[in-house]
Amino acid sequence: QLQLVESGGGLVQPGGSLRLSCAASGFTLDDHAVGWFRQAPGKARRGVSCIHSSDGSTYYADSVKGRFTISRDNAKNMVYLQMNSLKPEDTGVYYCASIQGYYGPTWFCKSQEGDYWGQGTQVTVSS
């Protein structure tokens, strides 16, 4: 079965950190753009950060620059999102998605044109 599975979400206080993981099964993430997308309560889903597996090029939304870091481990078929200095506005369901081929991470994060999507992991930042 071809799927992406997210993990690592949870409840954290403002200023805290979480690391999200995205595991691919049934296919490899080689030559894929992979991204993290957030849907906050009552808002549309938006791209947070994306990476291309072949060259490691990245995109970050302005709201997370300097706080979040996306990385990939092609050997483990995984993509990660390290989230530091978390704010209440980072709250939402975080989805991992991928698209095969060389699509720039900026385009992928803004278009959200994924081939595969995970089911999401909840991140809540609250005191």
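The model is predicted, so local features need pLDDT of at least 70, side-chain atom pairs count only at pLDDT 80 or more, and totals for chains, interfaces and linings use all residues. Residues are numbered from 1 along each chain as its sequence is written, and side-chain values use heavy atoms, with hydrogens and water left out.

Reader: In what order do the four strands of the open sheet stand?
Author: Strands are DSSP runs of E, at least two residues, numbered from the N terminus. Two of them pair if DSSP finds at least two bridges between them. Here the pairing is antiparallel. The order is β1-β3-β8-β7.

Reader: Which are the edge strands?
Author: An edge strand here pairs on one side only. That picks out β1 (3-7) and β7 (68-73).

Reader: Which residue of β3 stands opposite Glu6?
Author: β1 and β3 (residues 18-25) run antiparallel, joined by five bridges. Opposite Glu6 stands Cys22.

Reader: Is Thr91 buried or exposed?
Author: Thr91 sits in the loop between β8 (78-83) and β9 (92-100). Buried means under 20% relative accessible area, exposed over 50%, partly exposed in between (1.4 Å probe, protein chains only). Thr91 has 15% relative accessibility, so it counts as buried.

Reader: Which backbone nitrogen lies 2.9 Å from a polar atom of the Thr91 side chain?
Author: Contact means heavy atoms within 4.5 Å. Not counting residues up to four places away in sequence, Thr91 touches several residues, including Arg38, Gln122 and Val125. The Thr91 side chain also reaches the backbone oxygen of Pro88 at 2.9 Å. The backbone nitrogen asked for belongs to Val125.

Methods
A polar contact is a pair of N or O atoms within 3.5 Å; within protein, one must be able to donate a hydrogen and the other to accept it, and residues adjacent in sequence count only if both atoms are side-chain atoms.
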